[in-house]
Amino acid sequence: MAAGAPPPGPAPVVAQPGAAAPTQWAAAGQAPPGCPKGLEYLAMVDQLLVKQKVEAIEAMTGYETNNKYEIVNSLGQRVYQAVEDTCCCTRNCCGSSRPFDIKILDNRNMEVIHLSRGLRCSSCWCPCCLQRVTVEAPPGQVCGYVSQAWSMCKPRFKIENAEGETVLRIKGPCCQWEMCGDIEFDVHTEDESTFVGRVTKQWTGLGKELFTDADNFGISFPVDLDIKMKAVMIGAVFLLDFMFYENNKKKNQKDAKKVLG
């Protein structure tokens, strides 16, 4: 080393072969006026991916554990993480129909969105007690609801503001399971005249679909959608997951056998 030259810096950190790179947290955007604290991450977002984590104990034993999720943007950066907060008795006795509370946390592990669902019915024969998720942002302050609308065959949902007024509508397919394909729930304006987005249950591979209930969902919506309604759209993903795809291993295995002969 030449005299007077600065000492060499530390060697760069190199990931070990096969090691997964840690997921980076997304930087917070400029908060629009009236934005609840913690929702500024959604300001310039028009797409999100909700990935449920595979629980090894649940996959091997069938014992239902609290669900955990990662919410990332289109760049793969983590925006939030979500954890279910439900007692073991409720999870294993009520199954996918269980009432739940889900905490959505930011990069400081602070709860910024709270989702809650009571024990309700989802059958078209009980139109007075259909599914509803309350979305609070910040926790303790309601910013909207995801409400199941009455329908005979195809699932229908309403995205509502804090006053219960319908802002968007979600229309799903008659069949909520497809071999080797995605299932799409279209999002329209309140009068259903304009398509504005989509919630997509993504196919995650035969093994994962058959032997776990860990699912991936994509969400798209207008970038200029009210930031509180973006939070409610996230709540819609969790309601769809619990209604149609939670505890679905046995059903998927049975349907796969029919398709594969």
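Modeller: Of the 261 residues of the chain, 43% count as buried (under 20% relative accessible area, using a 1.4 Å probe and protein chains only). This is a predicted model, where local features need pLDDT of at least 70, side-chain atom pairs count only at pLDDT 80 or more, and totals for chains, interfaces and linings use all residues. Residues are numbered from 1 along each chain as its sequence is written, and side-chain values use heavy atoms, leaving out hydrogens and water.

Colleague: Okay, how many helices and strands does the chain have?

Modeller: Helices are DSSP runs of H or I with at least four residues, and strands are E runs of at least two, numbered from the N terminus. Here that comes to five helices and 12 strands.

Colleague: Is α4 mostly covered or uncovered?

Modeller: In soluble globular proteins, nonpolar side chains tend to be buried together. As for α4, residues 227-245, 17 of its 19 residues are buried.

Colleague: And which residues have the most contacts inside the largest nonpolar core?

Modeller: A nonpolar core is a set of buried Ala, Val, Leu, Ile, Met, Phe, Trp, Tyr and Cys residues joined through side-chain atoms within 4.5 Å. The largest one has 51 residues, and I104, M233 and F238 have the most contacts inside it. Its largest share, 14 residues, comes from α4.

Colleague: What does M233 touch?

Modeller: Contact means heavy atoms within 4.5 Å. Leaving aside residues up to four places away in sequence, M233 touches I159, L168, I170, V187, V199, I219, F221 and L225.

Conventions:
Expected span 1.5 Å × (residues − 1). Buried < 20%, exposed > 50% of the residue type's maximum accessible area, 1.4 Å probe, protein only.
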